[in-house]
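Please read this briefing alongside the sequence and the structure shown below.

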Amino acid sequence: RILPRSAKFSGSVGIASGGVVNMTGVVDHVLSGVTFNNSGTVNYNFGAANSFLVQAGSVFNNLAGGVFDFKTDGNISETTGCAPRNPNNPGTSRKSGGTGNSDLSGAIAYNSTGGTLDAASGSLRVTSGQTHSRSGTLTLLGSGVQFTAGTNSFADGAVINGTLNQSGGTFSFSNATVNNTYNLSGGAVGI
């Protein structure tokens, strides 16, 4: 269980394959000094004005086979003044509900070794100005997956399957392959 903003816990939290966590409510939910390993499903289902805050040295690992599902509009971010935090996503980050935006924002460094970003409803956006590292095969599903900020670095041999939408930030591809469409409407590209 992820506790409301007024509650803090430390150590490690693990969701096993087949396990489900439902994050609900009308307040921010906070990881503080926690390593969170998800191999199951986390259903994010609270107000667009609220965030899942990853702060104070926390790491959120959405592991291979794990699903983080935005059931509504909302964000993963950090509390003001915290250093960059790292959600790592070799699993699936999905937006299955809400017609607006769900953002990975603030000082979030969103890294992946493979994985899937799936915008089945609305937009799933990487809006953080941090450096994001990617390797392996990244699958982008739906036209609503958007990269709007930050430095996005793809390692040698990385593969991007699906429609890549860049409206800001910097992309560095090195020796990566983009299969399908690359829509560039803003930002910079280094090859």
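**Aromatic cluster and overview**

Phe-36, Tyr-44, Phe-52, Phe-60, Phe-68 and Phe-70 form one aromatic cluster, where rings of Phe, Tyr and Trp (its six-membered ring) pair if their centres lie within 6.5 Å. This is a predicted model, in which local features need pLDDT of at least 70 and side-chain atom pairs count only at pLDDT 80 or more, while totals for chains, interfaces and linings use all residues. Residues are numbered from 1 along each chain as its sequence is written, and side-chain values use heavy atoms, with hydrogens and water left out.

**The chain as a whole**

- The chain holds zero helices and 25 strands, where helices (H or I, at least four residues) and strands (E, at least two) are DSSP runs numbered from the N terminus.
- Of the 191 residues of the chain, 48% count as buried, a word that means under 20% relative accessible area, with exposed meaning over 50% and partly exposed in between (1.4 Å probe, protein chains only).
- The accessible surface of the chain comes to about 7,500 Å², and 48% of this surface belongs to carbon and sulfur atoms; the areas come from the Shrake-Rupley method with a 1.4 Å probe, and for residues only the protein chains shown count as cover.
- Among contacts between residues at least 6 apart in sequence, 43% join residues at least 24 apart, a contact being heavy atoms within 4.5 Å.

**The open sheet**

- Eight strands, in the order E3-E6-E9-E12-E15-E18-E21-E24, form an open sheet with parallel pairing, and two strands pair if DSSP finds at least two bridges between them.
- Strand E3 (29-32) and strand E24 (182-184) stand at the edges with a single partner strand each, so one side of each is left without a neighbour in the sheet.
- Strand E15 (residues 123-126) runs parallel to strand E18 (residues 145-147) and is joined to it by three bridges; Val-126 stands opposite Phe-147 in E18.

**Aromatic pairs**

- A search of the whole structure finds 13 aromatic pairs, with planes under 30 degrees apart counted as stacked, over 60 as edge-to-face and the rest as tilted.
- Tyr-44 and Phe-70 form a tilted pair, 5.0 Å centre to centre with 55 degrees between the planes.
- This pair links distant parts of the chain, with Tyr-44 in strand E5 (residues 41-46) and Phe-70 in strand E8 (residues 67-70), 26 residues apart.
- Tyr-44 is buried at a relative accessible area of 0%, and Phe-70 is buried at 1%.
- Phe-154 and Phe-173 form a stacked pair, 5.5 Å centre to centre with 20 degrees between the planes.
- Phe-154 lies in strand E19 (residues 151-154) and Phe-173 in the loop between strand E22 (170-172) and strand E23 (177-179), so the pair ties together parts that are 19 residues apart in sequence.
- Phe-154 counts as buried at 2% relative accessibility, and Phe-173 counts as buried at 6%.

**Two further strand residues**

- Thr-92, in strand E11 (residues 92-95), is buried with a relative accessible area of 16%, and, not counting residues up to four places away in sequence, Thr-92 touches Asn-62, Gly-66, Val-67, Phe-68 and Thr-116.
- Ala-188, in strand E25 (residues 188-190), is partly exposed with a relative accessible area of 36%.
- Leaving aside residues up to four places away in sequence, Ala-188 touches Gln-166, Gly-169, Thr-170 and Phe-171.
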